[in-house]
Amino acid sequence: MTPTPLRAHALGDSAVTIVFGDERSAQLLRRVHSAARSLEAAKIPHVEDVVPAYLALTVFYDPLHASYEEISATLMAACDRATHSSAKAAQSREHRIPVRYNGMDLEAVATSTGLSVEDVIARHSGRTYTVDLLGFVPGFAYLSELDASLQLPRRAQPRPRIAAGSVAIAAAQTAVYPLDTPGGWHIIGSTQTVMFDPTRDAPALLAPGDTVRFERVA
Amino acid sequence: MITITRAPPYLTVQNGGRKHSRSFGVPRGGAMDLFAIRAINAIVGNSLDAAALEWALGGGAVRFDRDCLFAIGGATARATLSGKIVAPCTTTHAQAGEEFTVEQITSGRFLYLACDGGIDVPVLLGSRSTYLPGRFGGYEGRMLRSGDSVALGAPPATHPAEGFHSAADLMPRYDSEIVHVTAGTQEDLFDESAWRTLTESDYRISTASDRTGYKLEGPALGNSLGTLPSEAGCPGAIQIPGDGLPIALMADAPTVGGYAKIAVVSEADLPILAQRRPGESIRFQLITIEQSQRALKRRQSDIHTISQLASRSSPDWSAEPRT
């Protein structure tokens, strides 16, 4: 299948969003992640940041030294090359995150899904997730794809404070809250793993395209 | 050091923000009015990215614990140093022990106080800015409270003259009713009438406005698009949520979001929007990316002009080239 041609849109005077397609899919996401990694590696002058997402990646640049026309042409060409180059193995990492399944919503999730608590734990810890994107708060990684039987809408009332390290699920995704924040996901467990630390060189533990397995600990 | 003797309701350490951590989900953050903070850094002879105090929501007082050349700018305030009026965008010399007081912020929203040498807090992810939602950066990741002391960096070797003042025509027109925007990443999802509404109506800043975003009140944009697959946003992006009322993302907005972005405020005009208070109005005017980048370059060149004038005002400035 021929990939959709790339499209560039200005996001203000200091960023450009490059759209790879119009329908979410695991394949499209891999193309976006792989192009984002190539752009990072290419160290294109005046580029500040590359932020991949579901259908597009956004490049922030220094508008005092690069015009939109120049930089978008450079980036489109680079993304095109990345897309057409024979898929070189993406440098994604595999993570294992130990989880105590003791979350305040664990019982409620079991009730809502009609599963036993043991089943909820087995189905959550029994698969490998991929990091779709980072956002919401620093280091918050949206992980897909949650077992279909565990998929519940977000809580109607978000909680004002979810503790850092809380392992949660909502719709088709799961995540670990990296910081104490408000949140509307169902909390099923907790981890000691530090997901975000601004004093580290790579402050976020997870990067787009990485894979994660949750391991049950007592 | 500067000691907070009577903390205002909002006081944080800020600078130009974080430009290389968005991929980790860390917003740019930094000063809400990036022009003002750079301008007053230029006025006191600092590097433009030095950290300063961002002050809002009311009066308060701080004490200088060393002799210090300082300036205030951004919002307009009734402010004094040991009882004497402090003029905006003007270098003022404070002796160790003197107290700087803001009685009231009279117009605008964010006041900046820069001291020679800058505020010396640890650099995290390339910046000294406070990111309150993440509780990191600045001073212990939080607002400053009465009794806190923040360190100052070593003052630069040469100082602008005391009383050096930056000309008003080098500053943005904060009273401008017009805020320029460029078309957003989802521009074509909005029809003609949505565009007319956005650019021909007055929008009022809602009380639901903070460093994360400014909710705008005015006519709703007809065709709401619900939520789209998340993608990156930026400060100044104008997104349209379900109720059709625009939200302008500001410095601390999350790096990604799922609402359609109809337009993005020109970086050059973002300070004008940032300084608007709840209840005040603005009107959006569409320009091209090229015009927006030119406007930003003019602002940058104005700041360089201020820097040069400040350095030439120095008593030990000489026209001779320096070695």
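Author: Over all chains, the count comes to 26 salt bridges, where a salt bridge is a side-chain nitrogen of Lys or Arg within 4 Å of a carboxyl oxygen of Asp or Glu. One pair to follow is R37(A) with D210(A): R37(A) lies in helix α1 of chain A and D210(A) in the loop between β12 (186-190) and β13 of chain A, so the pair ties together parts that are 173 residues apart in sequence. Helices (H or I, at least four residues) and strands (E, at least two) are DSSP runs, numbered from the N terminus. In this salt bridge, the closest N and O atoms of R37(A) and D210(A) are 3.6 Å apart. Side chains of opposite charge can pair when their charged atoms come close.

Please keep in mind that this is a predicted model, in which local features need pLDDT of at least 70 and side-chain atom pairs count only at pLDDT 80 or more, whereas totals for chains, interfaces and linings use all residues. Residues are numbered from 1 along each chain as its sequence is written, chains are lettered from A and ligands numbered from 1 in the order in which they are written, and side-chain values use heavy atoms, with hydrogens and water left out.

Chain A is assigned domain 1 (7-84) and domain 2 (94-216), and their C-alpha centres lie 28 Å apart. Seven residues from domain 1 of chain A and eight residues from domain 2 of chain A take part in the contact, which means heavy atoms within 4.5 Å. Together these two domains bury about 570 Å², 52% of it on carbon and sulfur atoms; buried area is the accessible area (1.4 Å probe) that two parts lose on being put together, summed over both. On the side of domain 1 of chain A, the residues that lose the most area to domain 2 of chain A are H33(A), R37(A) and Y54(A), which together account for 64% of what that side buries.

Between domain 1 and domain 2 of chain A the count is one salt bridge. There are also four residue pairs in polar contact across this interface (both at pLDDT 80 or more), a polar contact being a pair of N or O atoms within 3.5 Å; within protein, one must be able to donate a hydrogen and the other to accept it, and residues adjacent in sequence count only if both atoms are side-chain atoms. Helix α1 (residues 26-42) of chain A gives three residues, the largest share of the side of domain 1 that touches domain 2. By class, that side of domain 1 of chain A has four nonpolar, one polar and two charged residues, with Ala, Val, Leu, Ile, Met, Phe, Trp, Tyr, Cys and Pro counted as nonpolar, Asp, Glu, Lys and Arg as charged, and the others, Gly among them, as polar.

Opposite P98(A) stands E215(A) in β13(A). Strand β6 (residues 128-134) of chain A is antiparallel to β13(A), with three bridges between them, and T130(A) has T211(A) in β13(A) as its bridge partner.

Other salt bridges join the two chains, and between chain A and chain B the count is two. In one of them, D49(A) meets R22(B) at 3.1 Å, N to O. Here 43 residues of chain A are in contact with 41 residues of chain B, and the area buried is about 3,300 Å², of which carbon and sulfur atoms give 65%.

Within chain B, which is divided into domain 1 (2-170) and domain 2 (178-287), the count between the domains is two salt bridges. The side chains of E54(B) and R211(B) meet in a salt bridge at 2.8 Å, N to O. Between these domains of chain B the count is also twelve residue pairs in polar contact (both at pLDDT 80 or more), and about 1,600 Å² is buried, 48% of it given by carbon and sulfur atoms.

Notes:
Domains from an automatic or database assignment. Pairing = 2+ DSSP bridges.
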